[in-house]
Amino acid sequence: MFKRLALLIALVSALAVPVPSAFAQGSLSDTYEGADLIDSGKAFFGSASQGLASLVEQAVSQFGLPNGYILGEDAGGALFAGARYGEGVLYTRNAGEYNVYWQGPSVGFDVGGDGSKVMMLVYNLNQIQDVLGRFVGVDGSAYIVGGFGMTVIKRSNIVMVPIRSGVGARLGVNIGYLKFTNEPTWNPF
């Protein structure tokens with residue numbers, strides 16, 4: 001069963017998402033320093049920003065400096081199968097700001113629900129449309145009330161590191177994907 005699930009996720013992540021011409025931009029190369037990310041995150045997360053610096057430092061030490069980041073909000077829930085929906089703004093140094101939306105299903109040993117403020121560090125972004133599409137990852141959660149958490153999702157050489165500060169009650173491990181689009185939708189697939 002898990003082999004079939006992995007094959008299905010690999011197949012789905014390979015599907016292309018149509019890209020509007022407004023997202024077609026040149027190469028993105030300018031990166032963000034860790035201090036810039038921490039300052040933006042503190043302004044966004046507010047009083048809940050304790051712990052953000054250590055997660056940003058961990059991501060930067062593992063993946064280097066990102067050339068984009070997303071600030072937004074999302075919510076998800078699961079009873080073994082689940083879904084997550086969110087929206088935010090992609091910030092880049094030399095291509096501006098763009099609204100993005102994400103949604104995706106998950107399957108696993110996962111129960112509960114949560115709502116989060118999210119900062120996603122984006123690596124190896126060559127053009128804005130590279131952020132659109134499906135990014136596969138494994139997520140684990142164990143909290144009641146709230147806290148910070150970090151996961152990694154990937155497609156080809158594009159890596160995203162969502163850092164969430166959420167409230168809710170959630171316990172489990174799941175595998176799934178997030179599909180990033182330029183328009184909101186209720187369809188998690």
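Q: Let's say buried means under 20% relative accessible area, exposed means over 50%, and partly exposed is in between (1.4 Å probe, protein chains only). What share of the residues of the protein count as buried?
A: Keep in mind that this model is predicted: local features need pLDDT of at least 70, side-chain atom pairs count only at pLDDT 80 or more, and totals for chains, interfaces and linings use all residues. Residues are numbered from 1 along each chain as its sequence is written, and side-chain values use heavy atoms, with hydrogens and water left out. The protein has 189 residues, and the buried share is 47%.

Q: In what order do the elements of the protein run from the N terminus on?
A: Helices (H or I, at least four residues) and strands (E, at least two) are DSSP runs, numbered from the N terminus. The protein has three helices and five strands. Read from the N terminus, the order is α-α-α-β-β-β-β-β.

Q: How far apart are the end C-alpha atoms of helix α2?
A: Helix α2 covers residues 34-45, which makes twelve residues. The expected span is 1.5 Å times one less than the number of residues, so α2 should come to 16 Å. The model agrees, with its end C-alpha atoms apart by 16 Å.

Q: Within what arc do the buried residues of α2 fall?
A: The buried residues in α2 are Gly34, Leu37, Ile38, Ser40, Gly41 and Phe45. They line one face of the helix, because, seen down the axis (going by directions from the helix axis to the C-beta atoms), they fall within an arc of 165°.

Q: Which residue just after α2 takes a positive phi?
A: Most residues other than glycine have a negative phi. The one just after α2, with a phi of about 65°, is a glycine: Gly46.

Q: Where does Asn124, with its positive phi of about 65°, lie?
A: Asn124 has that phi although it is not a glycine. Its relative accessible area is 40%, so Asn124 counts as partly exposed. Its place is the loop between β2 (96-123) and β3 (133-150).

Q: Which residues make the nonpolar surface patch of about 450 Å²?
A: Patch residues need over 30% relative accessible area and no salt bridge, with nonpolar side chains (Val, Leu, Ile, Met, Phe, Trp, Tyr) joined within 5 Å and like charges within 9 Å; a salt bridge is a side-chain nitrogen of Lys or Arg within 4 Å of a carboxyl oxygen of Asp or Glu. Areas come from the Shrake-Rupley method with a 1.4 Å probe, and for residues only the protein chains shown count as cover. Strands β1 and β2 each give two or more residues to this patch. Its members are Leu79, Phe80, Phe109 and Val111.

Q: What phi does Phe80 have?
A: Phe80 sits in strand β1 (residues 68-92). It counts as partly exposed because its relative accessibility is 46%. Although Phe80 is not a glycine, it has a positive phi of about 75°.

Q: How far is Ala59 from Ile163, C-alpha to C-alpha?
A: Ala59 is in helix α3 (residues 52-63) and is buried, since its relative accessible area is 0%. Beyond its neighbours within four places in sequence, Ala59 is in contact (heavy atoms within 4.5 Å) with Gly64, Leu121, Tyr123, Met150 and Val161. Ala59 and Ile163 are 104 residues apart in sequence, but in space the distance is 9.5 Å.
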